[in-house]
Amino acid sequence: MNRIEVKDLNVYFGDAHILKDINTEIAKNTVTALIGPSGCGKSTFIRTLNRMNDLIPNFRHEGDVYLDGKDIYNPKMDVVDLRKKIGMVFQKPNPFPKSIFENVAYGLRIHGVSDNDKLNQRVEESLKSAALWDEVKDKLDNSAMGLSGGQQQRLCIARTIANNPEVILMDEPCSALDPISTTKIEDLIHKLKTEYTIIIVTHNMQQATRVSKYTSFFLNGEIIESNLTDKIFIDPKNKKTEDYITGRFG
Amino acid sequence: MSIKIWSPKISQKIMNAVFIISGIITILLLVLIIGYILIKGLPAVSLEFIFSDPIDSGKYGGIFPMIVSTLYVTAIAGVVATPLGIGAAVYMTEYASENKLVKIIRFGSETLASIPSIVFGLFGLTFFVLFLGLGWSVLSGGLVLAMMALPTIFQVSEVTITSIPSSYREGSYGLGATKWQTIYRVVLPAAIPGIVTGVILGMTRAISEAAAVMFAVGASLSVPISIFDPGRPLPLHLYILATEGISLENAYGTAAVLVIIVLAITIISNWAVDKYQNKIMGR
């Protein structure tokens, strides 16, 4: 079953045509990797899925994006609710300058949860899901800014999980991290995929093969090829895909 | 082609000396002024001086009503100017795009900051005291000081809020927060150290004003109870004591108390800001 369907999506920033005729489907509870050279539109694409591009003044789109059959660009769509369902982890860890606890509780608080027992419970669950609990359980009141980069990124994942989303978008989540932290995040992705639909943008092709079931190759704002990750890396159908994954450009 | 007079090593040494000397002169000036006021003024300061009423226009007795007036007008200025300044800064940074109105507001605020305080005083007399009928009162005086403190609070807040990384905002929106939730729960708490610094700068400017309040607050020698009572803040009292030749000794005493209040506010707020900053940034 498909969680997300994208039909004839075109995205413009002012006069710049960033995404061209994107048609794709994202299967439920799987990991989909988006690969492609810098500036090919991968990040713009995932930001279209939770309407983060709405924040950019001259953003314009054509076509439809469906989450569980509902058009997310329908004027009746509640963006707050959409972003609760489609969480996002950013390229650079961006915890709030608040305590570890308050970072994870943030999403709950803004959506009206104020009961302390419930907050405590959700924060603990989320930190455990993000494989961070053991490292921070004794210092929940300390600032999140004091954590290492890898811990901060797992905190951002915990913060997203606390909202109980259906989809988690990850925009190059390991690009600012060392190899050990990267491994931890990848392990985490394997754990999370049973419950969440994950879309991950990555520049690291090994990472794509390690974590994802499906891969889409983006080039100049178009999806050149989408397939099972194993197929795309072993037997790419398109010459451009082959050139990219074998390192001939990008 | 550049003309080399000194070798890089020597010019580096000269510049080192220039910077160090500038720093030392700045600190010396500060120590000199504060030291001078305290040495001349502290002998007049006693508990009795602080807590008793003036006698014979301030020739004898204390300055209790002036201290109350000062705290009163400064508090009114703070209560009025702080939300306005922060509100305007939030509007400029989070709502308005870089358009004409934004430029006009910024220009207006810069102009407001450069208006001489005596002109503020005159405006306070015609607008607050006479036109709005607030009379000579700590309210009128406080409102004039609010106008004076507003540009500082606004400008410092604007710069601070602009410097908050947009990644914080993105993180908040990404979790489904509304614009107001993002401002209220993420942007403003992160900006508090800078905003408090701006508020304190504005307040210490206001607390030290004689010219701005002299036409608005009256010159009463008794303790103001309601906001409609006239008062006489410390700088005004100091000015009157000195210019009317009432008592130079008590003028220095008043100055010493004023300096101590300003120093206390600055030191305590700096300490609190550092503490908060360390807490949220995990240092």
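1. The model is a predicted one, in which local features need pLDDT of at least 70 and side-chain atom pairs count only at pLDDT 80 or more, while totals for chains, interfaces and linings use all residues. Residues are numbered from 1 along each chain as its sequence is written, and chains are lettered from A and ligands numbered from 1 in the order in which they are written.

2. Strand E1 (residues 2-13) of chain A pairs with E2(A) in the antiparallel sense over eight bridges, where two strands are said to pair if DSSP finds at least two bridges between them. These strands belong to an open sheet of four strands in chain A, with the order E2-E1-E4-E5 and antiparallel pairing. At its edges stand strand E2 (16-27) and strand E5 (70-71) of chain A, each of which pairs on one side only. Strands of a sheet pair through backbone hydrogen bonds, in either the parallel or the antiparallel sense.

3. Parallel pairing is found around strand E3 of chain A. Four bridges join E3(A) to strand E8 (residues 197-201) of chain A, and the two run parallel; within this pair, Val31(A) has Ile198(A) as its bridge partner. E3(A) is also joined by four bridges to strand E9 (residues 214-219) of chain A, again in parallel, and here Ile35(A) stands opposite Phe217(A).

4. Is strand E3 (residues 31-35) of chain A mostly covered or mostly open? Five of its five residues are buried, a residue being buried if 20 or more other C-beta atoms lie within 10 Å of its own, exposed if 12 or fewer do, and partly exposed in between, with C-beta atoms placed from the backbone. Val31(A), Ala33(A) and Ile35(A) point one way from the strand, Thr32(A) and Leu34(A) point the other way, and all are buried. In a regular strand the side chains alternate between the two faces of the sheet.

5. Chain A as a whole has 10 helices and 10 strands. Its radius of gyration, taken over C-alpha atoms, is 18 Å, close to the 18 Å that the globule rule gives for 250 residues, so chain A is as compact as a globular protein of that length; the rule is 2.2 Å times the number of residues to the power 0.38. The C-alpha atoms of chain A fill a box of roughly 55 × 45 × 35 Å along the principal axes, and 47% of its 250 residues count as buried. Of the contacts in chain A between residues at least 6 apart in sequence, 68% join residues at least 24 apart, two residues being in contact if their C-beta atoms, placed from the backbone, lie within 7 Å.

6. Between the chains, 19 residues of chain B are in contact with 27 residues of chain A. On the chain B side, helix H7 (166-174), helix H8 (179-207) and helix H10 (248-281) each supply at least two residues, and the largest share, six residues, comes from H7(B). By class, this side of chain B has eight nonpolar, eight polar and three charged residues; Ala, Val, Leu, Ile, Met, Phe, Trp, Tyr, Cys and Pro count as nonpolar, Asp, Glu, Lys and Arg as charged, and the others, Gly among them, as polar.

7. Which residues of H7(B) are buried? They are Arg169(B), Gly171(B), Ser172(B), Tyr173(B) and Gly174(B), and the buried residues of H7(B) pack against helix H2 (79-85) and strand E6 (86-89) of chain A together with H8 of chain B. H7(B) is followed by Gly176(B), whose phi is positive, near 95°.

8. Chain B is divided into domain 1 (8-43) and domain 2 (47-281), with bounds that come from an automatic or database domain assignment. The C-alpha centres of these two domains of chain B lie 28 Å apart, and six residues of domain 1 are in contact with five residues of domain 2. The side of domain 1 that touches domain 2 in chain B consists of four nonpolar, one polar and one charged residue.

9. Asn250(B) is found in helix H10 of chain B and counts as buried because it has 25 C-beta neighbours inside 10 Å. Leaving aside residues up to four places away in sequence, Asn250(B) touches Ala44(B), Gly58(B) and Leu241(B).
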